[in-house]
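I opened the notebook to look up the pockets of this structure. The entries follow in the order in which I made them.

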Amino acid sequence: VNKHFAADSIHDVWDAAAKLSNHPGPLKQAQQHAKILLEAAFQALNIYQEGKESAGLVDFSDMVHLAEQILADGQCLAELTSEIDCLVIDEFQDTNPLQYALLQHFQKAGVPTFIVGDLKQSIMSFQGADSRIFSTLLKNAGDDERFELMQNWRSTQGVMQFINAMGETLYNDYQALEP
């Protein structure tokens, strides 16, 4: 085999492959496949929703949506807030935008709020959680509105040395915790 011929052929194949995404055949086929997949997913979600409705069931997502609709009604919110002295929310780093909207209803109604969370423990993005919500709240909070723990009461010194070493590698602004 002629080495120059093989090298020239490789470049020709590479150039042809680069144009593949613009070629009407493969592009159209990929678009058709994407359309079919999206339609199937939409149908599956509709069947799921119809099944829930016919059985009189709600899932977690429904509960949050329904709660937001209820709180949007000023009368229901007023009745609820008359019974609430303080709102405590744990694991706030895993809050999604709709859950944050629930909190905002209570805050606008004047309910004192105590929020607990750890940005380093944000794990629920698959469920729509957005740790930037908590991060923004922390950045906008005054010094008298924010309290950060500097100690860990759950782990031994050896475990904390490992965690702190990993944290300093993984996070730009990691604050080491004392065991």
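Which helices and strands each supply at least two residues of the lining of the largest pocket? I looked these up in what is a predicted model. I found strand 2 (113–115), helix 6 (131–140) and helix 7 (157–170). Helix 6 gives the most, with 6 residues.

Entry on the largest pocket. I read off a volume of about 1700 Å³. I counted 39 residues in the lining of this pocket. I then looked for the residues that lie nearest the centre of the largest pocket and noted G117, D118, L119, F134 and E148. I sorted the lining by residue type and got 18 nonpolar, 11 polar and 10 charged residues.

Entry on the second largest pocket. I noted about 200 Å³ of space in the second largest pocket. Which residues line it? I listed L87, I89, E91, F92, D94, T95, Q99, Y100, L102, L103 and F106. By type, I sorted this lining into 7 nonpolar, 2 polar and 2 charged residues.

Entry on the elements around the second largest pocket. I asked which elements each supply at least two residues of its lining. I found strand 1 (87–89) and helix 5 (97–108). The largest share comes from helix 5, and I wrote down 5 residues for it.

Last entry, for looking back. For the largest pocket I keep helix 6 as the element that gives the most to the lining. For the second largest pocket I keep helix 5 as the source of the largest share.

Notes
Residues are numbered from 1 along each chain as its sequence is written. This is a predicted model: local features need pLDDT of at least 70, side-chain atom pairs count only at pLDDT 80 or more; totals for chains, interfaces and linings use all residues. Side-chain values use heavy atoms; hydrogens and water are left out. On a 1 Å grid over the protein atoms alone, a cavity is a set of points where a 1.4 Å probe fits but cannot get out, and a pocket is an open set with protein on both sides within 12 Å along at least five of seven lines; lining residues have an atom within 4 Å of a point. Grid points are joined across faces, edges and corners, and a volume is the space filled by probe spheres set on the points. Helices (H or I, at least four residues) and strands (E, at least two) are DSSP runs, numbered from the N terminus. Ala, Val, Leu, Ile, Met, Phe, Trp, Tyr, Cys and Pro count as nonpolar, Asp, Glu, Lys and Arg as charged, and the others, Gly among them, as polar.
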